[in-house]
Each structure stands twice: as C-alpha cells, then as structure tokens.
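Please work through the following exercises with the sequence and the model side by side.

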Amino acid sequence: MSATEYLRVSDLHAFYGESHVLHGMDFTVRRGECISLLGRNGAGRTTTLRAILGLTGRRTGSIMLNGREVINMATHRIAQLGVGYCPEERGIYASLSCEENLLLPPQVGSGGLSLDEIYDMFPNLRERRNSQGTRLSGGEQQMLAMARVLRTGARLLLLDEISEGLAPVIVQKLGEVIRKLKERDYTIVLVEQNFRFAAPLADRMFIVEHGQVMAEIAQGEMAEKQGLLQEYLGV
Amino acid sequence: MTEIFGVPIQALFGQLMLGLVNGSFYAMLSLGLAVIFGMLNIINFAHGALYMAGAMFAWMGMEYLGIGYWWMLLLAPIGVGLVGIVIERLMLQWLYKLDHLYGLLLTFGLALIIEGFFRDLYGVAGQPYSIPEEFAGAFNLGFMFLPKYRAWVVVASLTVCLLTWYLIERTRLGAYLRAATENPKLTQAFGINVPLMVMLTYGFGVGLAGFAGVLAAPASQVGPLMGSNLIIVVFAVVVIGGMGSILGSVVTGLGLGIIEGMTKVFWPEASATVVFMIMAVVLMIRPAGLFGREK
C-alpha cells in the first residue's frame, strides 16, 4: 500500500500572515488515484492545494511527494517534481495568447500530451489559439487552464473548482477528460463544491472543515455514509 | 541658402539629428526603466547613475587597460549588469512587497553613493573620450553634414531597442517574463524560477543603461554628473509614455527627443522645459501615460 503512495500530507498547518488557516490536514493519495476534497467555502480546501505548492505563508507539518519531503522546497522546485496546478481563478494570462498560455509551463516530466492531442481533446482551443488569453469565454478559459497542465508531463494534478460557474455541457466534457486522465494513470486531487460532479469521479472523498479532514468516504461507501454527507455538505 | 519658416535648412536638420540622438538615449533608458518596473515593481532611481557608470567603465577601460571602444561596448554593460545583480540580491529583493516609495528611496540613495564614489575618484570635471576612428568625420548628404558617430548612435540604440522588444514579445523567455510580470506566484507554480528571472531582469535593465552610457561616452564629456542631468528628463519621458509599456517607451523617447530638438530651433528658450510641459498636459488628459493602461 505505502509503496504506491504518491502524496502524503500529514499534520499540515498553514498561515496567511497572522491567520491560521489549516489546522493539521491529513490525507494520502495513491498513484493513479483520484481523490476529492469536499467542503464548504472557507473550509481550507483551496489553501491545502496552495500549501502543497508553497504558495501560502508559513507552513508546518509534512508533505511527502513521491517519497520526498517538499515542505521546505521553493515553489518552482516542487512544480518541477511533476505537479500540475489549475487554480480556482484559472490564472489565464492576459498578456499571452491562447497558444502562448498553453505552451507556457515548461516540461516537468515525460509522457505529457502533445499539442495535437490537447487540441483533439479541446477543439475550441484550436480555433481560438491566436486570441488573447482573457478574450476567451469562461468555459474556454477553464479548458485552457486544464489543458495547460496536461502538456507538461506532470503526474500529480491539483485541480481547484474546475466545474465552477460553467455550463452543464462543459462540466460534462471536463468529467470525460478526468476519466481519460484516470485511464492514463494520472494522480488527481479535485477540490470541488459540486458534489454531483466529484462523486462519480473520485475514488475517495475527504470532507474538510475548519482546516482539517473530518471524514473519509470511499467510492463504495457513498450510500451508507449519506448521513455524513448530509451533515457536512447538505447533500 | 534654403530656409524653412525662416530657419536655415542646415540648422533645422542639424537639430533634428541631435534630437534623434537625444531621443535614442531617452528610448534606451526609459526602456530599461519600463522593463524593471514591470517585473520588479521598483522605480529605479539608480538608472542614471548606472548609465554614468557604463560611460566611466568605458573611459577606465581605455585609460587603465587600453581596452578600446568596441570591447567596452560589450564589457561595460556586462559589468553594469553584474553590479545590478549584486544590488538586486543584497538589497532590492527585500523591498518587492513594500510600497513603491521604499524602492525609490533605496535606489535614490544608491544613485547618490555611486555618483559620490566616482566624484571622489575623479572629481566633477568631465574626462575626454575620443570617437572611435571608424566613425570619425561626417557624411555629406548635400543638404547637411551628418557626423558618422551620431548616425551610429541612432542605429545602435534602435537596434538594441528592437532586439529587446523581440526578446520580450516574440520568444519563449519573453513569454516567461510577461507571465512572471503578470502573475509571479502562479508562474512559479508552473516550475519557472521566477526569483532568478527577476534578478536577471534587473541586470538586463541596468545593462541597457550601461550600454547607453558607453554610446554616450564619445558624444559628451564622461563625468560623474552626466547621469543625474539626463535622468530627470528620462523620468518625464517614462511618465508621458506610461510605465511598463515597452514599445511606448521607445516611441515616446524618440518622439520627445525630436520635439526637444525642434523646440531648440523655433523657440530656444523653451527647449529645456518643453518635455515637462508635455508631461503636465499628458498627466491631465491621460494620467496613465500615452501607452499605459489604467489600473
């Protein structure tokens, strides 16, 4: 079991200036697994992803990535170990064209998708390749933010609220993409508000509240733990 | 002799050329300031002093080591760039999160120290630096004499500006730079070493100032105060063009050089202040500058 463990977050505390946001996050992700961090706004899910990449203020605890401790590493070094990050605000650069946005992140591993594979997956991006990044529609920007990390060969994807604010047809499309990525043995951490989007995709779900993991629910236990979900998420 | 608006045509073109030369210096210096401001959020008041250091390095290379103009055109900017990298690592990197004012004060202090250093060594009087022999003399264009060195200054500085623009707008490294300017944290989260790029950007920006300094050495006296005389006008140019726009700073620099030259012909008394008058008008109409974007 521990041999296939890809990411282990233990007793992770994180701060933004004076405010203490994460209070001892604990969870693991196995290689090739897709997990979801569920919870209310402000529960600390986005901060968890940011803390893994060293984008918060001070952090304590441990983050083991593929057997290496990364808590004291500089952000770009962590990314170079093969982490792809899709931020909640999408982070499309206004000063770069669609294709420049796509080609921006440097290779961090082998086996990334080629530009053609990405354009086959997201045909809209091929049509808009020369448009300024922020002229794209919300859905196109989200696809671009996703596509951008698939090219680099990153094996661990940290995806923050990728379904937020998108039309159902695009959400469905993103779900298909995640399934394809799982087939290709990507390891994925989904931060989601949208339970219906995450539930069929995630092998395990972690319920986060007050900067801690309150409960873990495996794919098979969804029905019997309905009460927990009701209590924490209201679904 | 032919006259235009009562001005001899030779005087007109002479001043136009001089304006173009001055404009070339404005363009190179404001370009460096714009690149530095975009990436580091620092208003680099030491720019004039580092321009002067470039010229002093060229003179010192000749005086002490017998290294000629062409080698110093390469070596002096590298030397100034290295000085910049040391400044960035030791001091500037601690100021990025603070208000602009701190960076401005620090670099202003540095400018005084650098000037004081050369003043202490060589006094305020300028040192002569001769024009390289390849560019001694002038072209006779029929309607005017064009000193070869002035033509070279314009060509060299426009080439450098164009190369800088190409580097930033058309290459992969430039895309990293634009991305890091816009969203440094996310760019670092993609695995790009942003602190290293910031350091190199400052080195490159002040290296441009050093290059301008070497170009200026044969055209004027090389002395510790040559930077502070120029930098005030250059800041006005940056304000008019808008901070952070590359093409804007080049176009504005050249344009204002020409306007200044023409003012010398038609209204000599105003030539020293015309740039500041334009600055006042631009600030009233477009506070972000001609090419700047409002935030």
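Predicted model: local features only at pLDDT ≥ 70, side-chain atom pairs only at ≥ 80, totals over all residues.

**Exercise 1.** Determine how strand S3 of chain A is placed, buried or exposed, and which strands pair with it.

Solution. 
- Step 1: Count the buried residues of S3(A), which spans residues 34–38; five of the five are buried, so the strand is largely enclosed by the rest of the structure.
- Step 2: Take the faces one at a time, and find Cys34(A), Ser36(A) and Leu38(A) on one side, with Ile35(A) and Leu37(A) on the other, all of them buried, so that both faces are covered.
- Step 3: Look for strand partners, and note that S8(A), residues 187–192, pairs with S3(A) in the parallel sense over five bridges, with Leu190(A) as the bridge partner of Ser36(A).
- Step 4: Continue to S9(A), residues 204–209, which pairs with S3(A) in the parallel sense over four bridges, and where Ile207(A) is the bridge partner of Leu38(A).

**Exercise 2.** Describe how chain A is divided into domains and which elements supply the contact between them.

Solution. 
- Step 1: Take the centres of the two domains of chain A over C-alpha atoms, which gives a separation of 24 Å.
- Step 2: Count the residues in the contact, twelve from domain 1 of chain A and ten from domain 2 of chain A.
- Step 3: On the side of domain 1 of chain A that touches domain 2, H2 and S7 (156–160) of chain A each supply at least two residues, and the largest share, five residues, comes from S7(A).
- Step 4: Sort the residues of that side of domain 1 of chain A by class, into six nonpolar, three polar and three charged.

**Exercise 3.** Decide whether chain B agrees with a compact globule or departs from one.

Solution. 
- Step 1: Compare the radius of gyration; for 295 residues a compact globule would have a value near 19 Å, and chain B has 19 Å, which agrees.

**Exercise 4.** Characterise the side of chain A that touches chain B.

Solution. 
- Step 1: Count the residues in the contact, 18 from chain A and 14 from chain B.
- Step 2: Find the largest share of the chain A side, four residues, in helix H2 (residues 75–80) of chain A.
- Step 3: Sort the chain A side by class, into twelve nonpolar, five polar and one charged residues.

Conventions:
Residues numbered from 1 in each chain as written. Chains lettered and ligands numbered in written order. Contact = placed C-beta atoms within 7 Å. Nonpolar A, V, L, I, M, F, W, Y, C, P; charged D, E, K, R; others polar. Domains from an automatic or database assignment. Buried ≥ 20, exposed ≤ 12 C-beta atoms within 10 Å, placed from the backbone. Pairing = 2+ DSSP bridges. Rg over C-alpha atoms; globule rule 2.2 N^0.38 Å.
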